[in-house]
Amino acid sequence: MLYLIGLGLSHESDITVRGLEVVRNCKRVYLEAYTSILMTADQESLEKFYGREVILADRELVEGGSDIILAGAEQDGADYDVAFLVVGDPFGATTHTDLVIRARELGIKTTTIHNASVMNAIGACGLQLYNFGQTVSLVFFTDNWKPDSFYDKIKENRQLGLHTLLLLDIKVKEQSIENMARGRLIYEPPRYMSIETAAEQLLEIESLRQENVYGENTPCIAVSRLGSPRQAMRADTLKNLVDYESGDPLHSLVILGNKVHDLETDFIVEFARDAEELRKAIKDDSENFKKPAPVFVEEEDDDE
């Protein structure tokens with residue numbers, strides 16, 4: 001059996017009771033260590049809390065060595081079961097879907113134990129979850145690589161009046177181009193995208209595309225360390241977030257849709273640097289992508 005177990009967002013104790021019981025009974029326990037991090041826990045604290053060894057699973061192992069993770073799991077009994085731990089919820093990344101597909105191909109049964117993730121906890125910012133559109137990822141730009149596929153998805157969301165959750169890039173155990181070319185297993189220090197960098201990159205792509213999908217005065221919510229004791233939020237315009245000091249990771253950013261409900265506005269102004277300025281930005285933004293009112297033409301009476 002392969003168990004995929006969500007760990008929640010912050011503490012080692014955020015795992016569910018059922019998940020903890022499974023972890024303590026499995027033959028091997030792997031911790032996926034590259035799509036996210038627990039903000040107040042690490043491998044050592046997890047091992048202490050679980051009372052057993054936890055094996056770190058980096059991108060290379062998960063995506064290229066899944067058979068190592070799954071070895072023996074096709075046999076029945078807890079003596080052969082494997083636990084695969086994921087920060088947040090197990091299906092928050094496509095990598096984990098691939099692992100399940102590989103397990104099925106090998107005839108291995110799978111069980112998922114869910115937990116809180118950014119996808120539902122983002123409701124803490126005050127925006128209603130059913131008013132969100134497509135979630136997008138924003139990666140670090142380089143001098144010669146600035147992917148902008150996210151821009152079209154934000155546009156689709158904004159045209160429908162929906163909010164957009166942006167998941168900001170995480171670089172863990174990444175190699176430089178030079179080290180990759182030379183075949184050297186030397187890794188760069190971990191990097192986590194800040195709100196400031198995200199705001200800069202978003203405005204840079206808008207300046208290049210010039211489709212008025214969003215702009216300097218577009219209202220947004222910066223979400224930092226969601227689910228941890230040091231959780232912080234700032235509601236402000238995109239241009240003001242360029243100078244925001246977001247602090248330690250992890251960070252997410254929400255671009256508001258142009259149909260913000262009054263209850264949403266009343267909630268998020270508590271996070272505003274300037275409440276009146278934010279209310280004005282929301283009101284002004286409501287005019288973007290506004291559909292013209294339908295015109296009804298009165299039919300002529302043919303009985304004359």
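R209 counts as partly exposed, with a relative accessibility of 24%, where buried means under 20% relative accessible area, exposed over 50% and partly exposed in between (1.4 Å probe, protein chains only). The model is a predicted one, in which local features need pLDDT of at least 70 and side-chain atom pairs count only at pLDDT 80 or more, while totals for chains, interfaces and linings use all residues. Residues are numbered from 1 along each chain as its sequence is written, and side-chain values use heavy atoms, with hydrogens and water left out.

**Salt bridges**

- R209 and E211 meet through their side chains in a salt bridge of 3.0 Å, N to O, the term standing for a side-chain nitrogen of Lys or Arg within 4 Å of a carboxyl oxygen of Asp or Glu.
- E211, partly exposed at a relative accessible area of 30%, also forms a salt bridge with K155, with the closest N and O atoms 2.9 Å apart.
- This pair links distant parts of the chain, 56 residues apart, since K155 lies in helix α7 (residues 149-159) and E211 in the loop between α9 (195-209) and β10 (219-224); helices (H or I, at least four residues) and strands (E, at least two) are DSSP runs numbered from the N terminus.
- D148, D152, K155, R209 and E211 are linked in a network of salt bridges, and the structure holds 16 salt bridges.

**Around helix α5**

- R102 and E105, both in helix α5 (residues 94-105) and three residues apart, about one turn of the helix, form a salt bridge whose closest N and O atoms are 3.2 Å apart.
- R102 is partly exposed at 26% relative accessible area, whereas E105 is exposed at 56%.
- S66, which is placed in helix α4 (residues 66-70), is buried at 14%, and beyond its neighbours within four places in sequence S66 is in contact (heavy atoms within 4.5 Å) with L61, L99 and R102.

**Domains**

- The domain assignment, which is automatic or from a database, gives domain 1 (2-116) and domain 2 (119-287), and their contact takes 14 residues from domain 1 and 15 residues from domain 2.
- Across the interface of domain 1 and domain 2 the rule finds zero salt bridges.

**Whole chain**

- The chain comes to twelve helices and twelve strands, and 45% of its 304 residues count as buried.
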